Amino acid sequence: MSRVTRIEVAFKPELRDARGEKVARRMREFLGLQVEAVRTVRVYLVEGDFPQDLLERYAYETLCDPVIQRASVNRPLAAELNFPFDWVIEVGFRPGVTDNEGRVAAEALALLIERTLDPQTEGVYSAMQYLLKGKISREEAEKTARELLANELIERWWILSREEYEKGGLSYPAPRVTEFSDPTVETWDLKVLSDDELMRLSRERLLALSLSEMQTIRDFFSNPDFIAERKKYGLGPEITDVELESLAQTWSEHCKHKIFNARIHYRDLETGEEFTVDSIFKTYIRGSTEKIREKLGPRDFCLSVFVDNAGVIKLNDHLALAFKVETHNSPSALDPYGGALTGIVGVNRDPFGTGKGALLVFNTDIFCFAPPNWDKPLPPRLLHPRRIFEGVREGVEHGGNQSGIPTVNGSIVFDPRYLGKPLVFCGTGGILPLEVCGEPSWKKGARPGDLVVMVGGRIGKDGIHGATFSSEALHEGSPATAVQIGDPITQKKMTDFLLKARDECLYTSITDNGAGGLSSSVGEMAREAGGAELDLEKPPLKYPGLRPWEILLSESQERMTVAVPPEKIDRFLELARKMDVEATVVGRFTDSGYFHLKYQGKTVGLLPLKFLHEGVPQMELQAEWQPPRHTEPDLPEPEDLGAVLKEMLSRLNVCSKEYVVRQYDHEVQGGSVVKPLTGVQDDGPSDAAVLRPDLSRQDGIAVAHGICPKFSDIDTYWMAANAIDEAIRNAVCVGGDIEHMAGLDNFCWCDPIESEKTPDGRYKLAQLVRATKAVHDFTVAYGVPCISGKDSMKNDYLMALGLDPKGDNPYGVGVILPDGSLKISVPPTLLFSIVARVPDVTRAQTMDVKHAGDLLYILGMTRDELGGSEYYASRGFVGSSVPRVNAEEARERYLRLREAIYYGLVASAHDASDGGLAVALAEKAFSGGLGLFVDLSAVPYEGSGRPDFILFSESASRILVTVPREKQRDFEKLMEGTTYAQIGEVIAEPVLIVRDGLGRDLIRESLSELKAAWQTPLREV
Amino acid sequence: MKPRALVLFGYGINCELETAHTLALVGAEPEIVHLSELIYGEKSLRDYHLLCFPGGFLDGDHLGAAQAAAHRLRHARIRTSGERLMDHILEFIQAGKLIIGICNGFQLLVKLGLLPGFDGHYGERLVSLTYNDSGRFEDRWVWLKVNQESPCVFTRGLKKLYFPVRHGEGKFMVQNEEVLNKLVARQQIVLQYIHPRTGKPTEEYPYNPNGSVMAIAGICDATGRIFGLMPHPEAFNHTTNHPRWTREEVSEDELGLVIFRNAVEYIQETLLS
């Protein structure tokens, strides 16, 4: 074993250690510990025999910034910091975990010694040491390590008291991967296996294949013709692990969307209505887009929908826009930081791997968490929601900011049921010139003879079984390898290189390596050419000892697969080498009809593409709709509506998310037009973002979204309708053109397949059918096509805990199944994301009121629709009067508002959604720093007349606008014939006044108080 | 002839497009050049008048902001000639040409010791940029006061600026009081964060977003031809970049273009005349 040198770097004792201060703050606030101060020491373990003087130069000049830091070589720095610590906690990675700090330190060492490191004997590994001062017990130090500083799935830690540390110091071997497995290939003779044995095989190898799928594979491998064909390639009739794993990955719910493609028998138990739908995806999602495109005819702006890694629309005569949103829920539940980081850099590769490859111009992130102030016991294996929140936030921060892609839009939704699985939606948009190398940029096609080239990072065991894993509920045996950590800079170097290669016309096709790794990327691209042959010993590995199937399935990050014509390969590899990017020829595309897998010249897998991609049997599922019974509550009318408004503004789903937004770079690339925060103090909540992706042009894009899982408890049909309406409305408010607008649907559901563990599967499936039907009905009605989407279907927590099914649930969330397990299912959630063209960004608008004297209007009808509202929720009710969407009227309204905005008749526009009219009024006012005077009786309204209902109803499709007085006539003329009313005006006094029809004050609150109520809850997590 | 500007990219730089766009707007001829093109001798610094180190996350800012990148540049040799890239940069400086480092580029300049460059002495690290006092990366716009006594050629004639900062490591620190005193005495402090009400340099968060000593946001070398700043002038290349453009009049004169226009004019007056 090589020598390990320990280099430590810390801030000079007289300087602040902001990193340490942050840890101390969190120890106090999150864990309630009496810590006085924390300082940090960065540790580098240098493995290898290097001369002492070189190591010292490396420590003092390379790793240390002598202006502010101090370093030491094989000497504990803790003793030299004049810091009377009581405990030392050191946290380092487990072997094989992505260590970006260590990688960069190793590269720096290589520059110093002017040669590359020997991967067998040399390396640099990073760790972090925390010096704790305060009255802290060993148990508390342990708790700090476990719950705050480290994640045991990926990290190890050491805890020493000061005495122990001073006496013995700390030394441990470098976290080198030393476990080798022989590159063997296992085989199974499936035809001798019983059904039970088939299922055991599926379970034990985490294949997540159903019995009928295992049987289909067994039957296929019994076909004499196929057996004869295999013989020619030197393969027996038995299935190899390479084949079985590749099939399981390709057929996973994550990749094949088996539920969305199932044949579903739907029954409405209330009305008796019954029908069968052959794939809700084809019928409702893709089906609606086809209808819209047909209707648009020559004005159709869709270029590539549902076929590539992202959907593509035409933006103008020069540019196409690719957009995709993905989820990364399960990994974020296990390791919030790594999971979310991988989520964002992973979705970056979708538009990047679309067509010939897009330049990435914006990110958008939507998170669903349990409340961060969760104070009930946590079910086993779950992390505290505050830790999930902060970890996810930071992962997306590092992923987005380091990649140089502005995070322009997002939101956070809170519901206790996200305790079991947080939802982490990450989206990315990119632009392509309409033509690349004389061909349409949005098309691609590997050709037989083209070489399969893997570009970017190396392969380790990271994320093996990720695709199948995300198709499973979290359970006791979840593998630690399900967690990967992204590396934005390796990816940035790769995308810098590939865009150059694209413009030099060096490749014919590109796709990303995400879930399923090479199996998925090459398996997919093979369809373009008609076959592919892969040499599994060729991809570069992070460490030796991977089996062929692991190399095929690994989900190591930052990798793209491209198809390079043989005559271009020299230039391609040369450019890669110069730009310091690893690129390796790993096979070639063929027209054999097979996905042919070899290892050191021997065939280890032979899968006909047709069977691989189309062989999965269609599922037959049952759905039954029984509308849930929530009674409309009988609430007393509140006396102090101002107090209620402040309470509403402080609700987690309403309050300011500035703490998160500020930490995301939302204006890199220099094209920001409407930022996520706006108003006189740059802290109001924008409805949507506007940016100029091409700085030389005056047109741009609006990015928006809608999400309202709270309505799912009443009816997922209206949940989906409201999400779509909200997304479109948000985009319209900033100046997005509803006639040049496209959507993405992201469904995050709980398991909807009836089983012992999911006794309510038929109902959950009916919820899904209804939601997808709404996507159909409302995208068609609005003329806004879906261009891509994704579903994630197993967002449940399931753990055998031996609970009493008849007793109280000690965790306060989820249900106890008859067998005593706890199941927590997320509320059915649809995220609807929007991109729209803004023909002239100088016409874009923001939500804040601008001038005293401007007139205040409301567009749209308010009804007593408080079912699922924040108001009811605040009083502990769900209710039944869910907001309904009248898309025909709403579309007309949005078209008129578009004109009003483009003609410059509007000084501000803001949608009314969570918290209703009252919250929207308050937000408009305090964001603009000017008061509003409102006559509630002027609001177009149908209902019982209760002021609290008018104020807090969440009726859909409503927008508040302010209009300069001199534009009043033009504006009213334009809105003629639609439901709208002038309801007040902007006033100079910083106060929100709402009066009833008799002139009595219902609300009179100072803006500073309203704003404080809105800003306080999440000022800092 | 237009002034030629080399906008460096690669290894995590991510503001190269808007920096080049802004340079083109003020009449320069920008070229985005990958570090490898310099190292492989395909491009030479000698052909340019202005060298831009744009913002980004060089090497992910692991080891500290721009720390690894500074090490990379210090050790880089031109493959074709064996010369050190640093010698080319020093030659570039000696030739009276201009260098600007923005955000991560500023961090790189200080870690390379090209700033503060007292007495034409380059290469020694005397100042640094480190973690914000808040412990957080933040994106927000800040008011800046320009030191009109400074020799900095990029800020000639300017008094007050309003640009975004977007960094987690922007706290300006000095090795010792002497360094700070020299910076003051030699007017090398170019930009300071100010309180919008008083117009005075401030310690108050968030107007001083990171806790920089003396509210320092940007400095230059002794010649005034090397300039580093944390805020992003290139992110204010259009009136709609201003955070309140929908409610305030934003004049073209306020744009971050002014910084680059000064550079272009200086080059035209001195190097191209």
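This is a predicted model: local features need pLDDT of at least 70, side-chain atom pairs count only at pLDDT 80 or more; totals for chains, interfaces and linings use all residues.
**Overall form of chain A**

- Chain A has a radius of gyration of 29 Å, which agrees with the value near 31 Å that a compact globule of 1021 residues would have.
- Taken along the principal axes, the box filled by the C-alpha atoms of chain A is roughly 85 × 75 × 65 Å.
- Of the 1021 residues in chain A, 66% are buried, and the secondary structure of the chain comes to 30 helices and 46 strands.

**Domains and annotated regions**

- Chain A is divided into domain 1 (4–168), domain 2 (187–256) and domain 3 (847–1021).
- The centres of domain 2 of chain A and domain 3 of chain A, taken over C-alpha atoms, are separated by 59 Å.
- A further UniProt annotation, "domain: PurM-like N-terminal" (unreviewed entry), covers residues 308–431 and 686–793 of chain A.

- Helix H16 of chain A, residues 488–503, has 16 residues and reaches 22 Å from its first C-alpha to its last, close to the 22 Å expected at 1.5 Å a residue.
- Because 14 of the 16 residues of H16(A) are buried, this helix is largely enclosed by the rest of the structure.
- Cys505(A), which follows H16(A), has a positive phi, near 60 degrees.
- Glu550(A) is placed in helix H18 (residues 548–553) of chain A, and with a relative accessible area of 9% Glu550(A) counts as buried.
- Although Glu550(A) and Pro183(A) are 367 residues apart in sequence, their C-alpha atoms are 9.6 Å apart in space.

**Aromatic pairs**

- Over all chains, the structure holds 34 aromatic pairs.
- The ring centres of Phe221(A) and Phe226(A) are 5.1 Å apart and the ring planes stand at 80 degrees, so this pair is edge-to-face; both Phe221(A) and Phe226(A) are buried.
- In chain B, Phe154(B) and Phe227(B) form a tilted aromatic pair, with 5.5 Å from centre to centre and 35 degrees between the planes.
- Phe154(B) lies in the loop between strand S6 (138–146) and strand S7 (160–167) of chain B, and Phe227(B) lies in strand S11 (residues 226–229) of chain B, so the pair ties together parts that are 73 residues apart in sequence.
- Both members of this chain B pair, Phe154(B) and Phe227(B), are buried.
- In chain A, ring pairs link Phe220(A), Phe221(A), Phe226(A), Trp251(A) and Phe611(A) into a cluster.

**Charges over rings**

- Lys376(A) lies over the face of Trp374(A), at 4.8 Å from the ring centre.
- Arg946(A) has its charged end over the ring of Phe949(A), 4.3 Å from the centre of that ring.

Key: Residues are numbered from 1 along each chain as its sequence is written. Chains are lettered from A and ligands numbered from 1 in the order in which they are written. Side-chain values use heavy atoms; hydrogens and water are left out. Domain bounds come from an automatic or database domain assignment. Rings of Phe, Tyr and Trp (its six-membered ring) pair if their centres lie within 6.5 Å; planes under 30 degrees apart count as stacked, over 60 as edge-to-face and the rest as tilted. Buried means under 20% relative accessible area, exposed over 50%, partly exposed in between (1.4 Å probe, protein chains only). Helices (H or I, at least four residues) and strands (E, at least two) are DSSP runs, numbered from the N terminus. A charge sits over a ring if NZ of Lys or CZ of Arg is within 6 Å of the ring centre and within 35 degrees of the ring normal. UniProt positions are given in the numbering used here, feature names are shortened, and annotations may be inferred rather than shown by experiment. The expected span of a helix is 1.5 Å times one less than its number of residues. The radius of gyration is taken over C-alpha atoms; the globule rule is 2.2 Å times the number of residues to the power 0.38.
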